[in-house]
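Please open the structure in your viewer and keep the selection tool at hand. The stops below are meant to be visited in order.

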Amino acid sequence: MLSGWGRTSPSSARLRTPSKSADVEHLVREAGERGLIARGLGRSYGDAAQNGGGDVVDMTSCDRIVDIDLQAGTVTVEAGVSLDWLMRALVPLGFWPAVSPGTRYVTVGGAIGSDVHGKGHHRDGTFGSHVLSMDVYAPGPGHLTLTPDGTPEEFWATTGGMGLTGIVERATLEMLPVETASVRVDSQRTADLDSTMAVMSERDAHYRYSVAWIDCLARGASLGRSIVEFGEHATLGDLPARERSPDRALRFGPSRQVAAPPWVPSGLLNRWSVAAFNEMWYRKAPARSSGHVVAASSFFHPLDAVDGWNRIYGKRGFLQYQFVLPYAQGDVLRAVIEKLVNARAASFLAVLKRFGPANPAPLSFPREGWTLALDLPVSFAGLDGQLDELDEMIASAGGRVYLAKDSRLRPDLLEAMYPRLGEWRQIRERLDPQGVMRSDLMRRLPALAGHATKRPTARTPGFPLQSEDT
Ligand SMILES: Cc1cc2nc3c(=O)[nH]c(=O)nc-3n(C[C@H](O)[C@H](O)[C@H](O)COP(=O)(O)OP(=O)(O)OC[C@H]3O[C@@H](n4cnc5c(N)ncnc54)[C@H](O)[C@@H]3O)c2cc1C
């Protein structure tokens with residue numbers, strides 16, 4: 001049984017484990033009618049790396065760093081290498097991944113499959129924008145080396161293609177040179193949504209990284225109150241003199257500190273307990289601070305400090321709702337936040353970010369605009385219908401939800417949210433003419449495979465939230 005990070009819709013598959021990336025071809029041929037999908041560390045929240053009744057290829061065993069070119073600042077890795085492993089190997093040499101999502105426990109293959117973004121999207125774009133080349137096994141043509149210039153269609157269809165064009169076996173990535181393993185952080189507390197948006201719009205062009213942690217339980221005049229953080233990789237001069245030797249400045253060894261309890265009493269996470277946490281967190285932040293130097297891991301990956309934190313939402317699991325709206329649709333952003341706040345679904349801090357321009361990948365999630373992400377327990381009554389309403393508002397405003405986080409989108413909205421879906425499908429048909437690459441995500445959203453979807457009158461049977469909530 002495999003599930004995503006949200007643990008909402010497990011399905012049973014035959015797990016295949018290649019011992020080296022060259023075995024991938026054999027596994028694709030063997031899958032035949034069962035179909036298959038690649039899986040990294042399973043950190044996508046929904047069903048993207050599942051293939052109920054078929055094969056799932058666990059790429060984490062293909063985890064060799066093949067080559068490091070210190071002059072060029074590039075690294076070639078097998079697709080199962082995690083960003084955690086990459087950072088432990090490369091930070092001491094003075095390099096940081098050009099894009100790092102909110103957890104280090106993702107593989108390079110998974111980061112390409114979802115075309116992940118980090119706190120620096122407005123400056124650095126997505127992970128795919130820093131892939132110089134990748135070796136892919138696609139069921140139709142076989143082994144391919146894809147580059148953005150030589151094979152742009154196949155390269156960008158695989159970037160953000162949710163594993164459905166083939167299996168990435170290895171990739172060459174450009175890295176960012178850094179002097180230290182620390183980040184210099186400036187932060188500002190804001191009283192409401194207008195000031196949060198204004199502060200981010202005014203200040204984030206001056207920083208490589210920016211993010212606002214929004215209290216999504218604060219209402220009325222405090223709606224949208226946040227702590228906005230801006231970061232830069234710290235230079236040697238930012239560190240105290242005794243920390244400036246290269247071996248100390250570039251020491252990167254975050255350890256997992258606490259394990260989440262194996263089970264959590266139901267009802268522990270409720271509107272009151274979460275509101276109390278959010279209140280305490282907001283009050284303890286200074287109104288404004290600057291030049292605070294912290295370990296990069298605590299700035300980029302605060303949740304990695306708690307092992308298995310996804311269990312705190314209980315057996316039924318949770319989902320992460322992440323969407324993006326064009327900058328011109330700030331009013332829709334406000335309306336969506338108001339609806340979420342009024343629904344009073346217990347949610348720890350939500351994350352608000354500003355995206356820069358989209359890259360050429362037809363299914364890549366980021367586009368220029370505001371993106372909001374928040375975790376919601378699926379046990380929350382009426383969640384399903386409320387999120388459907390929000391999806392409609394977001395689709396009509398030219399926005400979209402993130403497939404790597406999704407477990408519940410109404411199928412008929414996919415094409416409106418991803419208007420270049422048809423273009424992507426044509427490239428996919430060349431790479432996988434028999435439709436061997438298959439996932440639960442694709443079955444749930446059949447437009448990915450080219451099957452028309454009408455607006456449903458009821459949920460598709462087996463839809464995870466239906467069995468739980470209706
Ligand atoms: C705490 C947390 C924070 C997160 N923060 C962010 C964030 O800030 N930004 C962001 O963008 N995402 C974020 N995510 C989501 C995560 O980065 C993505 O879901 C990522 O794809 C997970 O990588 P993985 O190795 O676990 O892949 P999986 O979840 O196993 O797979 C994800 C997709 O990639 C495909 N895939 C995996 N390996 C390969 C391969 N070798 N070849 C082809 N396709 C492949 C799979 O088929 C699947 O479609 C976060 C997730 C968590 C749990």
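Where is the place of Asp115? Select Asp115, and you will find this residue in the loop between α3 (108-113) and α4 (121-124), where helices (H or I, at least four residues) and strands (E, at least two) are DSSP runs numbered from the N terminus. The model is a predicted one, in which local features need pLDDT of at least 70 and side-chain atom pairs count only at pLDDT 80 or more, while totals for chains, interfaces and linings use all residues. Residues are numbered from 1 along each chain as its sequence is written, and side-chain values use heavy atoms, with hydrogens and water left out.

Although Asp115 is not a glycine, its phi is positive, at about 45°. Asp115 counts as buried because its relative accessibility is 0%; buried means under 20% relative accessible area, exposed over 50%, and partly exposed in between (1.4 Å probe, protein chains only).

Next, select Met162, which lies in the loop between α5 (152-158) and β9 (167-177). Met162 is not a glycine either, yet has a positive phi of about 55°, and at 7% relative accessibility Met162 counts as buried.

For the surface, select Ile68, Leu70 and Leu93, which make a nonpolar patch of about 250 Å². The areas come from the Shrake-Rupley method with a 1.4 Å probe, and for residues only the protein chains shown count as cover. Leu93 is found in the loop between α2 (83-90) and β6 (95-97) and is partly exposed, with a relative accessible area of 43%.

Which residues of helix α6 (residues 193-203) are buried? Select Leu193, Thr196, Met197, Val199, Met200 and Arg203, the buried residues of α6. They lie on the same side of α6 because they cover an arc of only 165° around the axis, the arc being that of the directions from the helix axis to the C-beta atoms. The face of α6 turned away from this buried side carries the exposed residues Asp194 and Glu202.

Finally, select Cys62, which is buried at 0% relative accessibility, and Cys216, which is buried with a relative accessible area of 2%. The structure holds 0 disulfides, a disulfide being a pair of cysteine sulfur atoms within 2.5 Å.

Terms used:
Patch = residues over 30% accessible without salt bridge, like charges linked within 9 Å, V, L, I, M, F, W, Y side chains within 5 Å. Salt bridge = Lys/Arg side-chain N within 4 Å of Asp/Glu carboxyl O.
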